[in-house]
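Here is a short tour to follow with your viewer open. Keep the selection panel handy and take the stops in order.

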Amino acid sequence: MSQPLRAGILGTGSYLPEKIVTNKDMEKLVETSDEWIVTRTGIKERHFAAADEFTSDMSTKAAQRALDAAGLKPTDLDLIIVATITPDMQTPSTACFVQTKLGAPQAAAFDISAACSGFVYGLSLARAFVESGFYKRILLIGAEKLTSFIDWKDRGTCVLFGDGAGAVIIGPSVNGEHEILSSYMSANGSEADLLKIPGGGCRFPSSLETIENRLHSLKMDGKQIFKIAVKVMSEAVLEAAKRANITLDQVSLVIPHQANDRIIQAIGERLELPKERVFVNVDRIANTSAASVAIALDEAVKAGKIQKGQYVAFVAFGAGTTLASSIVKW
Ligand SMILES: CC(C)(COP(=O)(O)OP(=O)(O)OC[C@H]1O[C@@H](n2cnc3c(N)ncnc32)[C@H](O)[C@@H]1OP(=O)(O)O)[C@@H](O)C(=O)NCCC(=O)NCCS
């Protein structure tokens, strides 16, 4: 009898723009201090994309690296999914730009919008496509150029974000390697007002008024988001472990969405995990929304922090609000 298809991560890649912006640099833009940013968020620096470098460009670079790691060519792909809230354009999808830039004309392409949970949502989606036999090789990218959607006059948000992209290739797992064991997704639309970019949609179409009222940049209730994030992200890690039929003790590394080091540390404490079992790069990269977990995964792999046979947990929470988690056996 043939075994059921199981999806796995065949390769990872990431890309960070060249320009590094430190907290000292941010002090020149808004009334803030390195001390405030570090103590409240753990962020020391972030990468900013160049003016002519778009979400699709960063996506394509991360994608090529993931393809190389998987030993595949763009023409091997069946589908390209880009998780982003900062697309090149309202339409067409950023995934269509990536398809052309990468040279994968045979692949279907679309974007998903689940904010900071976008990449982990996408992992569930790609897994379902592979395990149903519908598609064999999927390129999943999390990418953001958040600097195009930040209110540079709002010191409460502009210091928190950076640009970048991360990518994985999802396909049938060979010998159970890098297999996605569980997926969990949820959303709470009643919390939609906590984090949003209100302008530019059909509710507030672009106009002089929406520009004057700064509706095209990110608005956030940071305190509320903080409280909810710690609780629900901790719960989601446990839910993913339960669905994978493992205990938290068996998880070697948790890779959480990198929004704020205090949120990450609080999750670690709540789950009683030692520091070395929770991945952190928010100090160097800041919050890159949908790209965050994808970049962190690639960095963890490259740094040798994930060994064959170990269980890794992904967890993310973001605007919507959305929440997602997953367990992968490396
Ligand atoms: C944004 C965040 C760092 C703010 O931290 P906080 O401890 O809640 O800080 P507050 O909002 O209470 O602000 C405290 C003071 O610092 C000030 N402040 C805000 N941003 C500042 C900055 N960059 N530099 C200096 N002071 C700043 C505020 O104006 C406020 O001053 P006031 O007391 O005189 O009004 C924190 O709430 C957070 O990280 N939230 C989650 C954000 C997040 O993860 N978003 C994405 C989720 S996917």
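Helices (H or I, at least four residues) and strands (E, at least two) are DSSP runs, numbered from the N terminus. By that count, the chain has eleven helices and 13 strands. Keep in mind as you look around that this is a predicted model.

**Stop 1: the whole chain**

Start zoomed out, with the C-alpha trace on display. Along the principal axes, the C-alpha atoms fill a box of roughly 65 × 45 × 35 Å. The chain has a radius of gyration of 19 Å, which agrees with the value near 20 Å that a compact globule of 330 residues would have. If you colour by burial, 54% of the 330 residues count as buried. Contacts also reach across the sequence: among those between residues at least 6 apart, 76% join residues at least 24 apart.

**Stop 2: helices α3 and α4**

Two packed helices are described by the angle between their axes and the distance between the axes. Select residues 55-70 for α3 and residues 94-102 for α4. Their axes come within 9 Å and cross at roughly 55 degrees. Angles from 65 to 115 degrees would count as roughly perpendicular and those under 35 as roughly parallel, so this pair is oblique. The crossing of α3 and α4 is right-handed.

Now show side chains at the contact. On α3, pick Thr55, Ser56, Asp57, Ser59, Thr60, Ala63, Gln64 and Leu67; on α4, pick Thr94, Phe97, Val98, Lys101 and Leu102. By class, this contact has five nonpolar, six polar and two charged residues.

**Stop 3: helices α8 and α9**

Next, select residues 222-243 for α8 and residues 261-270 for α9. These helices pack at an angle of about 40 degrees, with their axes 9 Å apart. They too are oblique to each other, and the crossing of α8 and α9 is right-handed.

At the contact, Phe226, Ala229, Val230, Lys231, Met233 and Ser234 of α8 meet Arg262, Ile263, Ala266, Ile267 and Arg270 of α9. Those residues divide into seven nonpolar, one polar and three charged.

**Stop 4: Met233**

Stay on α8 and centre the view on Met233. Is Met233 buried or exposed? At 2% relative accessibility, Met233 counts as buried.

Which residues does Met233 touch, leaving aside those up to four places away in sequence? Select Pro256, His257, Ile263, Ile267, Val315, Ala316, Phe317 and Leu323 to see them. To finish, draw a distance between the C-alpha atoms of Met233 and Val315: they are separated by 6.3 Å, although the two residues are 82 apart along the chain.

Terms used. Residues numbered from 1 in each chain as written. Predicted model: local features only at pLDDT ≥ 70, side-chain atom pairs only at ≥ 80, totals over all residues. Heavy atoms only, no water. Axes fitted to C-alpha atoms, helices over the stretch in contact; angles between N-to-C directions. Parallel < 35°, antiparallel > 145°, perpendicular 65-115°, else oblique. Left-handed = near helix turned anticlockwise from the far one by under 90°. Contact = heavy atoms within 4.5 Å. Nonpolar A, V, L, I, M, F, W, Y, C, P; charged D, E, K, R; others polar. Rg over C-alpha atoms; globule rule 2.2 N^0.38 Å. Buried < 20%, exposed > 50% of the residue type's maximum accessible area, 1.4 Å probe, protein only.
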